[in-house]
Amino acid sequence: MNNVSITHFRNTVERILEPIFKTCYDNLIYTYGFTSSAMEIKLIPGRGFDSNVYLIMGEFPTIIDTGMGLNHNYILNEIKKHLNPQEVKQVVLTHEHIDHSRGVKKLLEDTGGNTSVFAHEYAAEKLEKEGNRVSEFFGVFMPNLNIERRLRDGDKVTMGDDEFIVIHTPGHTPGSICLYNEAEKILFSGDTVFSHGGFGRYDLRGGDPVMLLRSLEKLMLLDVRNLYPGHGEIVLGNGNEHIRLALHNLRLLI
Ligand SMILES: [Zn+2]
């Protein structure tokens, strides 16, 4: 083979193998919570009805979402692999649903008294004032929570060692937020948008399809490389494409 055909052969082989490696790599990431970002983000994949739980390492160790508390020991053991739970500075909730927030109370018993809970002001209202009730979601008891910091659109939150901007994305719930880091092009998207064109249900109490559409349009203005959703697989590399597909799918439905 001459040089030209060797190069051609190599390119062809790489083109064939690349998606195979990518699939294996993505599965590895999903299964073991390993991510390629410079930021140290640990994924604790949601079990059963639980949301995904994320741990961001650094000066301000942060947990994003907590699951609904039924898999507390599993989540706690996963956290312990990376740090002493007492070091967790803050828990940020992407929205008010119990599959993301009911685990907070139990988790705080292990993280100690220095952990603050953050949520959007609309979510906070619900989690604080309407707590101690049987949730309409699964019909289970939902304890009252204290939300130390009420977030609004445009607020900045330091998680790990990096600054994230709060983006209010109502539609799935009134108090839904996404958290975006511009430098690394990372988006934590809660239940607003999932991988492969998925989006949060808008037919539950407080949901609104038109608001969800506006929220997805807002997210389309961002440059997103890595997408860390509230459920399912994470996306490394082409987050924008997954958001674009979600917007396309939602437009077909409403
Ligand atoms: Zn939800």
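Analyst: **Asn-52 and its surroundings**

The side chain of Asn-52 makes a polar contact with the side chain of Tyr-54, at 3.4 Å. The model is predicted. The Asn-52 side chain also reaches the backbone oxygen of Gly-232, at 2.9 Å. Asn-52 itself is found in the loop between β1 and β2, and it counts as buried because its relative accessibility is 1%, against a limit of 20%. Leaving aside residues up to four places away in sequence, Asn-52 touches Leu-43, Ile-44, Pro-45 and Gly-46, then Ile-64 and Asp-65, and finally Pro-229, Gly-230, His-231 and Gly-232.

β1 and β2 (residues 53-56) pair in the antiparallel sense over four bridges, and Leu-55 is the bridge partner of Lys-42. The open sheet has six strands in the order β1-β2-β3-β4-β5-β8, with mixed pairing. Its edge strands are β1 (41-44) and β8 (149-151), each of which pairs on one side only. From one strand to the next, the twist averages 20 degrees. Helix α2 (residues 72-80) packs on the sheet, where it touches β1, β2 and β3 (62-64), and its direction makes about 155 degrees with that of β1. In α2, the buried residues are His-72, Tyr-74, Ile-75, Leu-76, Glu-78 and Ile-79. Their cover includes β1, β2, β3 and also α4 (104-111).

The ion is coordinated by His-95 (NE2), His-97 (ND1), His-172 (NE2) and Asp-191 (OD), at 2.1 to 2.3 Å. Along the chain these donors follow the spacing H-x1-H-x74-H-x18-D. His-95 and Asp-191 link distant parts of the chain: His-95 lies in the loop between β4 (90-92) and α3 (98-101), and Asp-191 lies 96 residues away, in the loop between β12 (186-190) and α6 (209-220). Both residues are buried, His-95 with a relative accessible area of 1% and Asp-191 with 5%. The angles among the four donor atoms run from 86 to 169 degrees, and the site is irregular. The tetrahedral class is excluded because it requires all angles to lie between 85 and 135 degrees.

β11 and β12 pair in the antiparallel sense over three bridges, and Asn-181 has Ile-186 as its bridge partner in β12. The hairpin of these strands has four residues between them, and Lys-185 takes a positive phi near 55 degrees. β11 (residues 177-181) is mostly covered, with five of its five residues buried. Ile-177, Leu-179 and Asn-181 lie on one side, Cys-178 and Tyr-180 on the other, and both faces are covered. In a regular strand, the side chains alternate between the two faces of the sheet.

β10 joins β11 by four bridges, and the two run antiparallel; Ile-167 stands opposite Cys-178. His-168 is also found in β10 (residues 162-168). It is buried, with a relative accessible area of 13%, and its side chain reaches the backbone oxygen of Pro-174 at 2.7 Å. Among the residues that His-168 touches are His-120, Tyr-122, Asp-153, Ile-177 and Lys-218.

Notes. Residues are numbered from 1 along each chain as its sequence is written. This is a predicted model: local features need pLDDT of at least 70, side-chain atom pairs count only at pLDDT 80 or more; totals for chains, interfaces and linings use all residues. Side-chain values use heavy atoms; hydrogens and water are left out. Donors are N, O and S atoms within 2.8 Å of the metal (3.2 Å for Na, K and Ca); water is not among the atoms, so sites may look incomplete. Four donors count as tetrahedral if all angles lie between 85 and 135 degrees; four count as square planar and six as octahedral if opposite donors are over 155 degrees apart and all others between 65 and 115; anything else is irregular. Buried means under 20% relative accessible area, exposed over 50%, partly exposed in between (1.4 Å probe, protein chains only). Two strands pair if DSSP finds at least two bridges between them. Axes are lines fitted to C-alpha atoms, for helices over the stretch in contact, and angles run from 0 to 180 degrees between N-to-C directions. Contact means heavy atoms within 4.5 Å. A polar contact is a pair of N or O atoms within 3.5 Å; within protein, one must be able to donate a hydrogen and the other to accept it, and residues adjacent in sequence count only if both atoms are side-chain atoms.
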